[in-house]
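Open the model in your viewer and follow the selections below in order. Each stop names what to pick and what is found there.

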Amino acid sequence: MPEKPTLDGLEAVWVGRWENEGTYRFDRSRTREEIYSIDTPPPTVSGSLHVGHVFSYTHTDTIARFRRMRGREVFYPMGWDDNGLPTERRVQNHFGVRCDPSVPYDPGFVPPAKPDPKRQIPISRGNFIELCERLTAEDEKAFEELWRRLGLSVDWSLTYATIGDDARAASQRAFLRNLARGEAYQAEAPTLWDVTFRTAVAQAELEDREWPGAFHRVGFTSAGGRGPGDRVWIETTRPELLPACVALVAHPDDERYRPLFGTTVTTPLFGVEVPVLAHHLAEPDKGSGIAMICTFGDVTDVTWWRELDLPTRAVIGWDGRLLPEPPPGVPAEPYAELAGRTVHGARERIVEMLRASGDLEGEPRPVKRAVKFYEKGDRPLEIVTTRQWYIRNGGREPGLRDALLARGGELAWHPPHMKVRYDSWVQGLAGDWLISRQRFFGVPIPVWYPLDAAGEPDRSTPILPPDSMLPMDPSTDVPPGYTEDQRGKAGGFIGDPDVMDTWATSSLTPQIAGGWERDPDLYGRVFPMDLRPQAHEIIRTWLFSTVVRAHLEQDTLPWRNVAISGWILDPDRKKMSKSMGNVVTPLGLLEQYGSDAVRYWAASGRPGTDTAFDTGQIKIGRRLAIKILNASRFVLGLGGEGGQVTEPLDLSMLARLAEVVREATEAFEAYDYTRALERTERFFWEFCDDYLELVKARAYEDGPAARSAHAALREALDVMLRLFAPFLPFVTEEVWSWWREGSVHRAAWPETAGRDGHPGDPEMLPAVAAVLGRVRKAKSDARLSMRAEVSRLTVAGAHADLIRQAQDDLCGAGVIEEFVLRAGDGEPVVEVELA
C-alpha cells in the first residue's frame, strides 16, 4: 500500500497488467449457458472518436463487467466499421485523391506529398482501396489505444473489421443465400439519389432538413382552351421539372376539380398533353389544391406514378444536371434551354421562360419546407431511375412485416419504451431495403453477368461464385468457366460494379464476430447473443437490419436483449456529432481527470436518455475515486484481519450494505447501470461521512469491540470495491491489489443474503448518524471545532432504544460528556448543550 496513493498513472499500470495476465481473455471452453455474449457496436473508423462514443461504450462495459463478476464467461469482441462513404471521404481529403474506375492500377502509386482536397487526383479503384485500408489501419490503432485507456474490458484478440476477409465472406455468403431464397432481387425503379456522391440512398439513411424554396404559380391550359378562363393553376417549388410532368392530380372529393377528372391539359412551354386524375394523397388545402406529377420530384410523385400507372419522363441525371436529350414526347426546342444545366440553373431559366410566355402568375413566393437529404450529404436528394439490389424487409409484404414486428415483441428492450421506435419504423416502411451502392470501398456485390453476342449483360441470369471463392471481387476475380481475357467482351462476362451498403455488412455483426460457418464451435457457444447495445437513432438501421438478416437466415432473433443509449448534448442541448462540429474529443479529458472520472460521468447517464456533456460531473467522479483511495488506505491501515463482527452499529452498517447489494444487483439485472451506481455511491458517502466517524475512536482501541470495527470495515471495503468495479475499474483494481489476490474484475459479485446469525438493524446507523449530524450542526452554528466538548446530549423519541445500543460510538464521535436517552413515541427530539 503506497504512502500517498494517487490516481495518476493507474491506467498505464493496469492496462498493461490486464493484457499480460489475460484478465479479460475469453474462455471458449465454457458452455453456452455459462457464456454472456455481446454484439459490440463497431465504431466507424473515419477520423477520431468523440465523447459520445465514450459515453455509450462505457455503458456496455459496465454490463460486461457485472456479468463477468456474476460468474458468466463474457464474449466481448470489438469490431471496426471501416467500409463505406465516411472512410472514402476521409481518404479523399487526407490524400487529395478521388477514385476513377477507368484509371488503370498503378503498383508504384505514391499519394501527393502536399494533398489538396479541392484538386483531387484521379486514381484507380485498386489504388484507392489500398489508401482506404492504409488509413483505416492507422485509425484502428488509435481507437484501440483510447478504448484500452478508457478501461473497456474487451478481449483484444477478438477484433474484426467490416472490410476484413471474414466479414466480407460472411456478408457475401448471406447475400447469395438471400438471393437463392428469393429474398434478394434486382430491380429498375425510382431511387433516392445523392448527386454529390452519385450513389443510391436507402430509406433508413434519410433525414428531413428545412430548405429554402419558392412556390411558383404556373398555368396549364385545358384541352382546346386558349383564354385565361381555361387555365388550371398549380403551385410548385420545382418548375424545372415541367418537362417531366406526366399528369395533374387533385383529391377525389375536391369540388373545384371534379369536372376536370378524366380530361387533359397541356403543359406550359412544352405543350405536352397530360391527364387530370384523382388521388387521395392530394392535399386540397395546399397551394391551389391541384399538383403536377413529375417523374420524379419527390417520393409522393413515385407513389402517384406507381398507383396511377403513369409513364416515365426522366430529366435529371446521376450528376444532378438535366439530361442532354428531352424525354420521349417532349419537344426538343424549349428543352434545349435547360439541357445540361444544374437543377438550380434550370429552375432560374425556366422561370424566365414562363414569365416571358405569360404562364407564370405573380412572383415566386418564398417558403421553407422539409426536404429529404442523405444523412451524410449536403444537397437535397433527387429521384432517378436506376437498377439496384434489394433485400425484402416487409416494406411490400404484410406477412413478413408482421413477422418482423413479432420479432420486436420477443426482444427484451432496455428501457422498454424504445420498442415504440422499432414498431413505428417497421409499420412505416415504404419499400424493401436497397442495399447496393455506387461506391468503391465496400463489400462487392458477388455476381457477374454473362454478355450476349452484342456485348450486353444478361442480368436475369447472374453468374454466382461458389462459397469456396468467398470473399471475392467481381471486378478482379474471374467466374468459373471463364478467363480474364473474356472480361467485357461479347460472349464473355462483366462483374457487378456496385458494393453493398455498409449496413448490409454491419447487419451481420453477430454472425461475423461469432464465427458463422467459419468457426462452428464458437458460433454454437455465443449465438444468438445476449446483448446488443446501441444508440436510439440507429434502431431503424442497425437494429432492424440485424433482426431482418437473422430472421431470414437463422429464423431467430440475433440477441435476447437490447440496451439503448441516448445522445450526448452540447451546452445548447444539440446532439454532438462530427458533422455539426460541436464534438469534444475524449483524450484530453482522460488525461486531465482520469479514466475513472470520465466513466463515472458516462455511467451517470440513464439508459436511453440524452445527456448533457458536463465536466462538473466528471470532477465529482474524480473526487469519488480519490476518496475511495483515501478511505481504503485508512481502513486497511487499521489492520484487524480475521476479527468477528459483534457490535450493533457494525452489524447495522453491514445490514444496510446488504440492502445496497440487493438493489444494485436488481438494477444491473434490469440493465439500469445508473441506478446501481447511484445506490452504491450514496452508501459509500454514508459510510465515509457517518459510519467511519462514528467508529473511528473505537477502531483505534484494543479489544473485541475494536476488532469488530476492523472486521466490519474490511468486509464493507471488500463489498464496495466489487460494487464500484464495473464503473471505476482502475481505482478499484489498485486498492484490491493492496490486500487481495487476483483481480477484482474476476472476483465474485457480492451476495445479497444477509449476515448469517447476525441480522443487524439497518435503521440504527441512519438514526445514530442523524443525531451526530445535529451535534455537528450545533457546533458549526456556534463556530466551534468539531472536537469541542458537548456537556449534555438529550435524545428522546421512537429511536431512543436503537441509539442506546450505539451510545459509546456516538459519545466518542461527538465528544459528549453526558448522554441522556428517553424512550417514547413520535419523532425523535435532540437537544445539544455545549460546554
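Start with Ala725, which is found in the loop between α20 and α21; helices (H or I, at least four residues) are DSSP runs numbered from the N terminus. This is a predicted model, in which local features need pLDDT of at least 70, side-chain atom pairs count only at pLDDT 80 or more, and totals for chains, interfaces and linings use all residues. Residues are numbered from 1 along each chain as its sequence is written, and side-chain values use heavy atoms, with hydrogens and water left out.

Ala725 has a relative accessible area of 0% and is therefore buried (under 20%, with a 1.4 Å probe and protein chains only). Show its contacts (heavy atoms within 4.5 Å): leaving aside neighbours within four places in sequence, Ala725 touches Arg65, Met69, Thr732, Val744 and His745.

Next, select α18 (residues 648-669) and α20 (residues 704-724), whose axes come within 10 Å and cross at roughly 10°. Axes are lines fitted to C-alpha atoms over the stretch in contact, and angles run from 0 to 180 degrees between N-to-C directions. The two helices α18 and α20 are therefore roughly parallel (angles under 35 degrees). On the α18 side, the residues that meet α20 include Met653, Leu657 and Val661; on the α20 side, Ala709, Ala716 and Val719 are among them.

Finally, select α1 (residues 10-21) and α21 (residues 729-739), with axes that come within 10 Å and cross at roughly 75°. That makes α1 roughly perpendicular to α21 (65 to 115 degrees). Trp14 and Trp18 are among the α1 residues in this contact, and Phe730 and Val731 among those of α21.

Note on methods
Parallel < 35°, antiparallel > 145°, perpendicular 65-115°, else oblique. Buried < 20%, exposed > 50% of the residue type's maximum accessible area, 1.4 Å probe, protein only.
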